[in-house]
Amino acid sequence: MIATPERELCIRTRFSVAKALFLDVFAKDLRGVGIWASATVSDRSLVFRASLRKPPPDKLITSLRVIRKNRLRTNWTLIDRLQRNGVACQFARGATLNLDSISPAIEVCTTKEQRDLFDFCRVMQAVPAQRLLYRRMAFLVRDVGQPNRPLIGVLGLSSMVYSLACRDAFLHWNEDGRTSVKEWGINRCMQLSVCMPIPPYNYLRAGKLLAALALGSDVAAEFATRYSRSSTPEHLLGILTSSANGLHSPIFTRIMVRPGGLFRRIGATLGYTALPYGKPTVDAARALVRKKDGVCYENRAIRTLKRALNICGVPREFFVTLGIPKGVYWGAPDNGATEALRTRDVDYAPTYPSRETIVQFWQKHVQKAVARPDVLAAVRRFEPANCRATQSRGLWDAV
């Protein structure tokens, strides 16, 4: 390591083509989020220099727009195909939406057409969402009370992360001798990775509807069908999720389907994220790790980046914690489910809220929303035919 001024890093490592390719694109991504960085060749060595001053939050938020544009370009083949095939007919026209006939129904994505529509909506999120990994369930939520059954939103659940300090403390999984309880519990929980209401239903607080449905009887039944390993059904005992833009998320607060609400905030993330690093950087990291170790985990971007930085001798923690800390929310169908995860109660069977109960709760929010003239006007203005995604702009950016 070469001595440098405080808050700056300078690392010299033995040259290899794989290292050079990785550090070059890695430095380029850092510059994209406002961190000065460079990778140069000197005397058969690679020299990596970078500032260790984190950019302000507004710079990180701006960088998300760049990341989202890259995500749109990467998925442009799918986006363009669905738009050419008339995907606009999947969305409701605000002018003709019958507010008295809204009737949500949940639809499991089993066909290619359903999965394509789910992915199309996912990549339109203002805050980019990763692909669902490992165990995964994708759902379309439709309004069957309207003639064309338009989309209200999409839900995506995937495997829960293994390490998260605030969750482990909340469930007592961080105590000595609790590893087996944690491993048992993780297999009975899911991560709510995508919870996306779609216009004009987003004006009607449909985010709360989607979050509640994630803990409802329909999703629990699908979980049991997919992941039960014997004649005894496997129960979904909890869901973990996080806010998109900071510590607080109005979507997950005060979902009073049961006393105390379905979700509660239990802590915050430390800012771990791979979002600042584009596909070329992650691909270069994988190539470097494969060359050094002979194997690489394909779907673990942060783990791969950490290992690539280790190989280059670059202290990794600063560079993988560039994200904005986000509120972590815990959701359970009832209080007993949380306690079952703490005690490894294998016989506990939760009581899940029904879709009818969830919809009745949400309808109260719909009535409050449409009582405001500005909200009702926004609903009526929405016209899917006027919305079209480009390689630099999402579908709803003009709404």
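Predicted model: local features only at pLDDT ≥ 70, side-chain atom pairs only at ≥ 80, totals over all residues.
**Strand pairing around S7.** With strand S8 (residues 238–242), S7 runs parallel, and the pair is joined by 3 bridges; here Cys 189 stands opposite Gly 238 in S8. Of the 9 residues of S7, 7 are buried, so the strand is largely enclosed by the rest of the structure.

The loop between strand S7 (189–197) and helix H7 (206–213) contains Arg 205. Together with Arg 254, Lys 364 and Lys 368, Arg 205 forms a positive surface patch.

Strand S1 (residues 8–14) pairs with S3 in the antiparallel sense over 7 bridges, with Ser 51 of S3 as the bridge partner of Glu 8. Strand S2 (residues 37–42) also pairs with S3 in the antiparallel sense, over 6 bridges, and in this pairing Ser 38 stands opposite Arg 49 in S3. The hairpin of S2 and S3 has 2 residues between the strands, and in this hairpin Asp 43 takes a positive phi near 50 degrees.

**Asp 80 and Arg 84 in helix H3.** Side chains of opposite charge can pair when their charged atoms come close. Asp 80 and Arg 84 form a salt bridge in which the closest N and O atoms are 2.8 Å apart. The two residues are 4 residues apart in helix H3 (residues 76–84), which means that about one helical turn separates them. Asp 80 is buried, with a relative accessible area of 17%, whereas Arg 84, with a relative accessible area of 64%, is exposed.

**Lys 112 and Asp 116 in helix H4.** A salt bridge joins the side chains of Lys 112 and Asp 116, at 2.7 Å from N to O. Both residues lie in helix H4 (residues 112–122), where they are 4 residues apart, about one turn of the helix. Lys 112 counts as partly exposed at 46% relative accessibility, while Asp 116 is buried, with a relative accessible area of 13%.

**Lys 182 and Asp 168 between two helices.** The side chains of Lys 182 and Asp 168 meet in a salt bridge of 2.9 Å, N to O. Lys 182 lies in helix H6 (residues 179–186) and Asp 168 in helix H5 (residues 165–170), so this pair ties together parts that are 14 residues apart in sequence. Lys 182 and Asp 168 are both buried. Elsewhere, salt bridges that share partners join Arg 81, Lys 112 and Asp 116 into one network; the model has a count of 17 salt bridges.

**Leu 395 after helix H13.** Leu 395 is placed in the segment after helix H13 (373–381), and counts as buried because its relative accessibility is 4%. Leu 395 and Arg 380 are 15 residues apart along the chain, and their C-alpha atoms are separated by 18 Å.

Definitions and conventions: Residues numbered from 1 in each chain as written. Heavy atoms only, no water. Patch = residues over 30% accessible without salt bridge, like charges linked within 9 Å, V, L, I, M, F, W, Y side chains within 5 Å. Areas by Shrake-Rupley, 256 points an atom, 1.4 Å probe, with all protein chains shown as cover. Salt bridge = Lys/Arg side-chain N within 4 Å of Asp/Glu carboxyl O. Lys, Arg positive; Asp, Glu negative; His and termini not counted. Charge placed at Lys NZ, Arg CZ, Asp CG, Glu CD. Buried < 20%, exposed > 50% of the residue type's maximum accessible area, 1.4 Å probe, protein only. Pairing = 2+ DSSP bridges.
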